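Biologist: I've got a model open and I'd like to learn how to read its holes and helices. Can you walk me through it?

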Amino acid sequence: SWDGVFHQSIKLPENIHGIPLCDNFFVRDNLFLGHFRNHKGDFLHNFALYNQSSEVIKSFDNYVQFNPKVLVTGWVNRCMKPYRIGEHIYVKEISNDTLFYLNERNGLIPHFVFDLGKYTITKEMRESREPSNLYSVNGQINLPTSMPMIDTQNNLFFSFSAYNLSGKYSFPKKMNRSIVTPSSSGLIIFQGGGTIIDSHAVLGVYDTTNQTTQLLDTDPVTQIIGLINDLDGGLSFWPQYYTSENELVDIWRVEDMKEHLTDEYFAGHEIKDPAAHQKLKELVQKLDIEDNPVIVTAKLKPN
């Protein structure tokens, strides 16, 4: 239970440049893990483990150093949203091709390497004069910070953003919304420095046993990305969390459910579980637009 009392504020440790830790994540006991965003290119450490007294317990060496012509403070220097499986904490910098995990002995261990080929964000790109040069003419792919990466016993659920690839690949069309977010659309428009950059969120599942990757289709009706729901006919499912009970957890906004889960929507989708579908329809009828989001769980099948 939560007693509603604010117990302690923690001053974030800083590196030698006076830059505080960002993207902080609770580890265990009174330990936290934070990330130094390497805007200057010469940071000695990229991650640090610290306690609630702001004492740095361990710093991790930064092996990717570069010499930028101008200071760039964009997304490229950030890390993705960390996640936990058991005692392991998983982290990945946007510009680093390796996913690491912090083990029980506080070691940062390589776990997976993402081979992006010609779409890799290179050291030369990070040293370029203009931030827009990070996006090549053929497009640029990076693993984003906005959508979680979920690692289960046999599958890695991942997402990436593909920039400026509209002419080469087929992506879902932009939804007619005043606010577009990665969780509700496959197309997001960013604007900065006078340059328009189109970004498409793409989801995939890597089978760690068979070492195969499958990129997911997008629901043709709602354009919502995720695993298309052919069980109860609900919204597409994309895990936000993985529990110790071998369950995947997603969160649906009530406004999305009320808008999309109509008879017309259901008619265009396969429904394998009629009883679950009826329960879903009854739930949608009961929900009010002001209600809290709905938690959706999916149980992974045993091998």
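Biologist: How much space lies in the largest cavity?

Modeller: Keep in mind that this is a predicted model. A cavity is a space where a probe fits but cannot get out. Here the largest cavity holds about 100 Å³, and the structure has three cavities of 30 Å³ or more.

Biologist: Which residues lie nearest the centre of the largest cavity?

Modeller: Those are Asn 38, Asn 62, Glu 93, Ser 95 and Arg 126, out of 15 lining residues. By class, that lining has four nonpolar, seven polar and four charged residues.

Biologist: And how much space lies in the largest pocket?

Modeller: A pocket is open, unlike a cavity. The largest pocket has about 1,200 Å³. Its lining counts 38 residues, with Leu 227, Leu 231, Phe 237, Ala 298 and Lys 299 nearest the centre. Strand S17 gives the largest share, six residues. Sorted by class, the pocket lining has 18 nonpolar, 13 polar and seven charged residues.

Biologist: Now the helices. What span should helix H4 have?

Modeller: Count 1.5 Å a residue: the 13 residues of H4 (274-286) should span 18 Å, and the end C-alpha atoms are 19 Å apart, so the two agree.

Biologist: Which residues of H4 are buried?

Modeller: His 277, Leu 280 and Val 284. They sit on the same side of H4, because they cover an arc of only 60 degrees around the axis. These buried residues pack against strand S16, helix H2 and helix H3. The face turned away from the buried side carries exposed Ala 275, Lys 279, Gln 285 and Lys 286.

How values were computed: Residues are numbered from 1 along each chain as its sequence is written. This is a predicted model: local features need pLDDT of at least 70, side-chain atom pairs count only at pLDDT 80 or more; totals for chains, interfaces and linings use all residues. Side-chain values use heavy atoms; hydrogens and water are left out. On a 1 Å grid over the protein atoms alone, a cavity is a set of points where a 1.4 Å probe fits but cannot get out, and a pocket is an open set with protein on both sides within 12 Å along at least five of seven lines; lining residues have an atom within 4 Å of a point. Grid points are joined across faces, edges and corners, and a volume is the space filled by probe spheres set on the points. Ala, Val, Leu, Ile, Met, Phe, Trp, Tyr, Cys and Pro count as nonpolar, Asp, Glu, Lys and Arg as charged, and the others, Gly among them, as polar. Helices (H or I, at least four residues) and strands (E, at least two) are DSSP runs, numbered from the N terminus. The expected span of a helix is 1.5 Å times one less than its number of residues. Buried means under 20% relative accessible area, exposed over 50%, partly exposed in between (1.4 Å probe, protein chains only). The arc is that of the directions from the helix axis to the C-beta atoms. Contact means heavy atoms within 4.5 Å.
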